[in-house]
Amino acid sequence: MTNVTRRNLLKLAGGAAIGFMASPMPWRLTDELAIWTQNWSWIPVPPKGEVTTRMTACSLCPSGCAVQARCIGGLPVSLRAPAGSAALCSLGLTGHHLPYHPARLLAPVRVTERADALHTNPVRLGEVVTETAAAIAAAKAGLGTVAVLDMRPGRSISWAWRSLLSGLPGGAVIAGPGREGASLATLERMLAIESGSLGLDFEHARTIVSFGAPLADGWGSPRTLQRLLGGSRGNVRLIHVDPLRSPTAEIADRWLPARPGTEAVLALGLAHVLIAENLVDRAAAAKAVDFERYSLLVSRVTAEKAAAVTGIAADAIIATAREIARAMPAVVLAGEDAGGGRFGRAAETAILGLNLILGNAGKGGGFLARPDLPAPFDSASLAPVQDLDQLPDRSVALLLIDASAGDAAFPWRVVERKLIAKGGLVVALSPFFAGTARHANLIVPAPTFLEAMFELPAGFDAPAATLGISAPLIAAREGGADPASFVRAVAAASRIDLPGAWARSEDLIKARVARIHRVGRGSVMSIADGAEKPLAAVATPDALLEALMGGAKWEDAPSPSVQSMKTMLLGDAAGELERISTCATAPKQSPQYPLTLLPRAPRDATASAVVSPVITKLYRESVLRRSPETAVLNPATARELRLRAGRKASLETAAGAIGVTIATSGSVMPGAVEIAVSPGAIALGDMHTAVKMEILEICAIDESGGWRQSAARLVEA
Amino acid sequence: MLGIGLFAIGLCLIKGLNQTNMDNRFAFGLWIFLDLTVIALGAGAFFTGFLLYILRRDELRAVINSAVVLGFICYSGAILVLMVDVGQPLRAWFTFWHPNVHSMLTEVTFCITCYLAVLAIEYAPIVLRNRQLRKVPSFLVFEFELHKVMPVLAAVGTFLSFFHQGSLGGLYGVLQGRPFAYRDGFAIWPSTFFLFILSAIATGPAFVLVTTWAVSKISSKRLVQPSVYRILAMVSGWLLVTYVGFKGIDTLVWLNRTVPRTGAIPAQFYAWQPFGTWVLFAEIVLFGLVPALILIAGARRRSFALQLTGSLLACAGVALNRFVMTIQTLAVPTLKFEPFMLYWPSWQEVATFLAVAAYGVILYSLSFRYLKLFPHERDLQQY
Amino acid sequence: MKSSANSGAIIKRRFGLVIDLDRCNGCGACATACAVENNVPPAFPEVNERTGLTWMRVYRAENGRTFPDSRTVYFPISCQHCGHDTPCVSVCPQNAVDINPQTGVVSQIPERCLGCRYCMAACPYHARYFNWFDPTWPAGMEKTLNPDVSVRMRGVVEKCNLCHSRWQVAKAKAAAAGKQDLDPADYTTACAEACPAKAIVLGDLDDRNSEASRAAKSPNAFRLLAKLGTDPKIYYRSNREWVRRLGDADVAQIESEASRG
Amino acid sequence: MFPGINGFVWDAGHSIFLGIFYAVILIVLTTLIRAWLLTARDFKSHREEDLGWHADFEDLPASARACRHELSGEVDSRMCPNRFDCRYCTDHPKFVAARARQQEAVAVPIPQTVAGFELPANRLYHRGHTWVRQEADATLTVGLDDLGTHLMGKPDRVQFPHTGSRVVTNGTGWYLHKNDVMVRVLSPVDGEVIAVGGPNDEWYMKVKPSPSASGTKHLLSVAEAGPWMLREVERLHIALAADGLGAALADGGAPIDDLTKAIPPSKLDDVCGLMFLEP
């Protein structure tokens with residue numbers, strides 16, 4: 001029987017097969033399957049809807065670039081620079097992604113640390129307010145002081161903070177450490193200008209002497225870079241001092257790779273040549289009360305001595321000085337780096353001093369006085385705005401972090417050491433559970449870019465005061481909290497009554513706009529048609545607000561020259577500069593830490609706590625931007641230390657260690673380790689990847705709170 | 001092994017090819033390399049058929065069945081892997097619907113599928129002669145009739161095979177964007193087209209020899225007369241000699257004319273370790289000329305040991321050649337600021353291939369157990 | 001399409017990019033803008049520079065000298081839109097790659113692509129990318145996708161098409177205005193538009209008056225691997241001799257940043 | 001791909017390539033179809049048995065295909081070219097003639113038993129271990145020979161053709177079933193089955209030769225059967241020796257009745273196949 005059944009089976013199978021093939025079924029099936037692969041249910045489908053174009057401005061960094069948004073059904077799908085305005089950076093181009101970033105917070109949270117990982121549990125806004133009020137009470141009771149860390153000073157919300165703090169022990173608003181333009185405070189101190197601030201007039205400068213200002217990596221207004229890269233380079237020269245062969249160095253006319261930490265000596269050396277060869281503006285320089293002492297001091301720093309310390313050839317120093325003098329006006333910058341922060345006070349004093357002897361103060365193409373924007377409301381008493389290093393250590397009992405309009409990269413330790421021993425309470429306003437906010441105990445979710453009205457006061461490098469407004473394009477998400485109303489709530493809870501009739505941030509901004517309108521100075525630049533009309537021609541405050549909301553910018557009238565009370569070239573850094581001027585040759589590297597760690601970052605990597613996940617195109621999917629885990633060495637250095645490219649290693653400083661991958665590049669200064677401060681896993685949207693110790697946390701912090709360079713070593717794993 | 005392999009295949013099909021270690025630079029990897037090798041070795045099927053049915057070398061009747069089964073396994077296995085290798089297997093049939101006749105790959109696809117069908121048909125009579133199936137009279141009769149038309153099929157098979165073996169070579173020879181692979185040629189065919197045909201038909205018989213020997217070792221039975229081995233060795237040997245000859249000429253032309261025209265520097269191709277010039281030497285001499293001579297000598301001296309070593313070397317040689325064409329081509333950078341790259345297959349890739357290998361072994365041993373792969377087997381048992 | 005229908009003859013153009021390497025400072029805005037414009041998904045954590053999707057990719061190359069003489073140049077590289085025996089077009093087994101006769105743009109038809117990756121092996125510029133993963137955006141972010149460009153499925157090859165959707169929009173606009181051909185001002189690629197230094201210029205290389213064709217003819221303009229004879233339509237220019245040398249095909253060992261790991 | 005699919009043009013490339021491709025497919029299909037048709041035709045003309053035997057014979061081991069004249073020692077070595085059908089053999093008559101001449105010289109004694117297997121003289125023998133006896137009424141009686149009987153012992157079941165149906169020389173005679181092994185016994189003659197017997201009778205079939213049937217010269221006379229039987233026993237030995245079963249056959253003495261008891265079931269099918277000319 002067996003074979004009989006087998007035969008039948010075979011027949012059946014064969015018949016079935018043939019029958020199936022003959023039927024249309026298989027063909028139809030394959031076709032359907034192929035079509036199916038083209039619209040798998042899990043492939044996202046782009047939105048459909050009516051196309052509109054709306055104007056706003058980018059609030060993701062202080063530059064406040066104009067933005068033209070292409071919207072579908074009212075929601076932006078792409079951002080670009082309007083015709084005639086500066087192009088957007090990667091951060092700005094992807095700003096409309098941020099409201100949907102995985103790190104986005106939609107409810108107040110309490111941050112707890114378990115198994116050395118951070119966890120968030122939602123809390124009610126009320127609880128946050130009560131706890132904050134309690135902390136304020138405790139501070140009043142003598143536990144410590146209260147401070148606000150403001151990542152974007154100059155916004156009208158700062159006035160709200162300042163009036164909240166005015167009554168509190170040691171209450172002060174701290175400008176975010178290492179932020180762009182921070183060094184101008186030093187120059188302002190040297191000039192002791194009593195009101196307003198200084199503005200940079202790149203427009204008319206013929207030479208830009210940049211000490212580490214990463215102009216090509218986003219520093220100051222993008223217009224400057226455009227001017228440097230634009231076809232008509234002829235009329236502006238760039239001299240760049242930087243141990244890194246950075247993009248800025250690439251576009252510089254002269255690159256001076258001074259040894260890290262010797263910038264002050266180089267500045268003094270340049271001053272020496274300028275004075276010796278009588279290339280300075282005597283009249284302006286003589287205004288300085290300590291000019292005699294200054295010239296005596298710099299006279300010690302001959303080009304040769306400077307060369308020995310900085311590693312820049314003497315004749316290069318001399319040539320540079322002459323170049324500067326030849327192409328005046330020449331503005332000298334002590335540029336902060338988005339990753340490396342600012343130079344120490346002494347260095348800044350030495351560098352910026354050059355401006356004073358070149359007579360840049362109050363001269364076109366130099367530094368102009370810039371009256372402050374009108375305050376949003378009058379207030380009897382306001383807490384001061386200070387630099388972090390003006391706070392005593394271990395003093396702050398309650399720290400409020402205002403990261404509602406952006407963030408900055410700095411070692412948390414510079415702030416942490418200001419907190420009282422027990423740590424105190426840290427409350428952050430931030431849209432994301434990322435960046436500085438991760439160090440807070442409580443986080444209140446602020447709206448993101450495009451979700452609310454943001455204020456764009458002039459960048460530090462604008463010659464005159466300006467104001468723009470970033471108009472919201474997306475309805476604010478549920479669970480967000482407005483910073484101003486949070487201030488109000490806290491004030492109410494701790495029975496502080498705040499001046500002014502404002503409830504929300506918009507109110508503050510509107511009030512300020514109204515005041516600008518009342519002042520009546522300046523003009524309104526419309527992005528749409530590039531037309532500029534005097535403010536006087538704008539009928540009502542509301543009309544002005546409307547214009548600004550439409551992407552226009554208010555610009556103050558050209559300002560009067562700088563009224564300096566008492567110019568000082570050495571100021572409070574005199575002592576240190578004396579020591580430096582002895583030119584005790586370059587600070588010896590300790591044998592234990594033979595390398596110099598140089599953390600640096602382009603601005604678009606740090607200005608916001610998070611970036612669009614699409615930025616992986618630059619960091620992960622290509623090697624254009626180095627990952628924060630890549631330590632780059634000069635091949636020679638690597639050979640000396642027997643480190644091979646591609647190997648894993650541990651980068652160690654006195655402050656700690658992180659795991660890195662070694663890379664080599666001829667562009668790196670021998671003995672230096674370059675590390676890019678760039679978005680980590682969370683900032684790029686990988687909420688599940690384990691968070692690594694960040695490079696800044698192991699950087700050494702100098703006495704004036706800087707972290708540009710640290711002694712380090714690499715140990716191959 | 002089969003199980004793990006199937007699991008790996010599942011992963012690749014469901015989760016996508018991110019399961020492999022291939023990347024945008026190594027668009028081809030282990031799979032393509034082994035496919036090419038396997039198909040080259042599978043050439044034994046058509047070439048033995050060609051010798052037997054067209055050139056009437058009747059001694060080879062002793063191995064034809066085994067050769068056909070081998071061919072069938074090699075081709076079906078290769079196609080199986082290809083189906084996993086492509087990103088959208090469900091669209092495989094597009095090639096037949098929107099063929100780009102200028103693409104070597106189209107030719108390969110068409111020929112391989114046709115040839116697999118032919119192999120299946122050639123396989124059928126062997127199956128139908130099974131002791132149980134033959135009791136069904138219609139099968140036996142059909143087999144008988146099929147057998148009469150076999151030469152036609154053999155001819156067709158030969159034609160197809162010649163073409164796709166060639167096209168597989170053309171696959172790389174036409175890549176003018178890859179100076180390392182690009183070759184001048186005749187008419188529309190780059191030289192690799194012909195070299196691949198030669199190397200395939202040269203190693204095909206060698207592979208048949210090796211497998212036959214292996215099977216008889218494992219089953220500890222004598223399967224074919226020594227004379228058959230000798231013929232295979234002889235054929236393989238002489239073809240290999242011609243191959244090496246042409247390969248040598250081709251290499252010289254390539255290094256001295258083709259490459260300079262593309263602006264590339266030949267020396268740079270071998271500047272990256274581990275792919276030094278030794279590769280070239282191994283490819284042409286160590287695994288080309290040497291086995292050829294060994295094979296011929298072995299056939300002459302009637303020394304089976306020599307024939308076997310020669311065959312093994314020859315098979316290794318064709319594998320090396322396919323490896324160079326596939327992997328080294330992709331490893332060598334074209335842009336100056338692009339790095340030299342290497343890649344290691346992921347376990348999924350390896351497992352997938354092992355699964356196919358397992359399938360081959362199983363299918364072959366089943367065929368060996370139930371079908372008469374070596375007609376003379378019984379006789380040789382007797383005396 | 002429409003305009004070419006109502007105007008008998010098809011207007012033949014040769015669109016290409018001219019990239020001024022002396023202006024490029026490697027900010028990467030072009031790469032970002034491209035990804036946003038063309039709905040190229042972000043990368044999973046396990047993705048690396050070898051498995052990513054970067055239609056416009058900026059390479060960093062150095063002159064091989066060491067500090068302080070080391071110099072860096074950035075090469076923004078997209079599909080080079082080869083015009084003559086285009087390597088990828090001829091090898092695709094199922095016509096999933098073709099050259100648009102109206103624009104000279106080499107375009108990929110993802111719906112027809114089988115994912116055999118033969119074209120990637122054929123491309124000397126490594127400008128073609130395979131979707132190793134399913135395209136995935138964080139929840140909600142699909143609202144920000146460009147409606148003019150469909151998202152590609154896993155398992156197919158994709159690459160730069162000079163913002164084909166923008167070209168279609170421009171054509172449609174011209175057609176609506178009853179014009180035969182688009183106004184060059186209406187059509188530019190996302191990368192060219194986004195470049196802060198205006199280093200990237202799109203234009204018809206056959207049109208004498210176009211800025212691009214003029215720049216392409218400048219003495220310091222060159223094309224990558226020109227000797228391969230594939231006639232790419234992406235031109236580069238630099239006044240630095242060593243940079244121009246980097247474009248040639250002789251595979252010299254230049255220590256490049258990419259060679260890490 | 002076909003006209004109508006977008007962008008398709010019948011350029012030279014397409015024409016040549018697709019032309020060749022379809023030609024190939026066509027050829028493959030036609031050959032297949034042809035094979036089918038021929039098969040059908042063969043069935044119509046009832047050649048299946050013949051063809052079946054044709055295929056079988058080819059697959060028989062060389063040892064089983066020796067010519068009867070090799071067995072009888074008239075020629076050193078000769079493969080049967082005619083699939084054991086001497087009726088159409090051109091050489092057979094020559095051999096017979098030659099033999100006739102020799103027989104005057106020596107009269108060969110006719111053995112009754114060979115290696116313990118009986119070979120009754122009044123029968124003709126077929127290579128498939130059957131015998132044929134011509135009856136007075138011109139019918140033919142067909143049975144299983146002694147070795148066959150011993151080999152199978154008493155079959156569990158016999159599967160006969162229906163009486164009245166035709167059997168052809170070397171076609172299937174009947175099937176023997178023994179411990180679920182099925183053995184096909186070749187029919188030694190052409191003709192119509194008029195009666196069937198079984199293991200209990202000494203015969204299996206009575207056949208009325210068809211008029212077309214051209215005699216019985218393809219069958220072995222007792223004289224020839226002797227050496228043939230010797231060879232068969234030898235083959236059996238070898239087949240069994242492969243598994244060290246040589247002892248199963250009583251050496252020289254009377255063989256045991258039922259070898260199936262001695263032979264392991266796994267091997268039985270092969271051994272029977274070997275002896276009953278069923279590869």
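Predicted model: local features only at pLDDT ≥ 70, side-chain atom pairs only at ≥ 80, totals over all residues.
Reader: Where do I start with two chains that touch? How many residues of chain C are in contact with chain A?

Author: Start with the counts on each side. Here 68 residues of chain C contact 65 residues of chain A. Then look at area. Chain C and chain A bury about 5600 Å² between them. Carbon and sulfur atoms carry 60% of that.

Reader: Which elements of chain C supply the side that touches chain A? And how many residue pairs are in polar contact there?

Author: Polar pairs first. The interface of chain C and chain A has 25 residue pairs in polar contact, both partners at pLDDT 80 or more. Now the elements. α2, β2 (57-62), β3 (72-77) and α6 (190-194) of chain C each give at least two residues to that side. The largest share comes from α2(C), with six residues. Sorted by class, the side of chain C facing chain A holds 33 nonpolar, 15 polar and 20 charged residues.

Reader: How many salt bridges are there between chain C and chain A?

Author: Two. Here is one to find on screen: C:E193 with A:R80. Their closest N and O atoms are 3.2 Å apart.

Reader: Now chain B and chain A. How many residues are in contact there?

Author: Eleven residues of chain B contact twelve residues of chain A. The two chains bury about 940 Å² between them, with 69% of it on carbon and sulfur atoms. On the chain B side, look for B:L90, B:R91 and B:W93. These three lose the most area to chain A, together 44% of what that side buries.

Reader: Next, burial. How do I read it for a whole helix? How many residues of helix α2 of chain C are buried?

Author: Go residue by residue, then look at the total. A residue is buried when its relative accessible area is under 20%. In helix α2 (residues 29-37) of chain C, nine of the nine residues are buried, so the helix is largely enclosed by the rest of the structure. Among them are C:A29, C:C30, C:T32 and C:E37. After α2(C) comes C:N39, whose phi is positive, near 55 degrees.

Reader: What does A:T689 touch?

Author: A:T689 touches A:A681 and C:P45, leaving aside residues up to four places away in sequence. A:T689 sits in the loop between β27 (672-676) and β28 (710-716) of chain A. A:T689 is partly exposed, with a relative accessible area of 29%.

Reader: Now the rings. How do I describe an aromatic pair?

Author: Over all chains, the count is 46 aromatic pairs. Take B:F96 and B:F110: their centres are 4.9 Å apart, their planes are at 40 degrees, and the pair is tilted. The pair links distant parts of the chain. B:F96 is in helix α4 (residues 94-97) of chain B, and B:F110 is in helix α5 (residues 104-128), 14 residues apart.

Reader: Which residues do ring pairs link into a cluster?

Author: Look at B:F159, B:F163, B:F186, B:W189, B:F193 and B:F194. Ring pairs link these residues into a cluster.

Reader: Last, a whole chain. How many helices and strands has chain D?

Author: Chain D has eight helices and eleven strands. Of its 279 residues, 51% count as buried. Now sort the contacts in chain D between residues at least 6 apart in sequence. Of these, 59% join residues at least 24 apart.

Definitions and conventions: Residues numbered from 1 in each chain as written. Chains lettered and ligands numbered in written order. Heavy atoms only, no water. Contact = heavy atoms within 4.5 Å. Buried area = accessible area lost by both parts, 1.4 Å probe. Helix = DSSP H or I, 4+ residues; strand = E, 2+ residues; numbered from the N terminus. Buried < 20%, exposed > 50% of the residue type's maximum accessible area, 1.4 Å probe, protein only. Phe/Tyr/Trp six-rings, centres within 6.5 Å; stacked < 30°, edge-to-face > 60°. Salt bridge = Lys/Arg side-chain N within 4 Å of Asp/Glu carboxyl O. Polar contact = N/O pair within 3.5 Å; in protein donor to acceptor, adjacent residues only side chain to side chain. Nonpolar A, V, L, I, M, F, W, Y, C, P; charged D, E, K, R; others polar.
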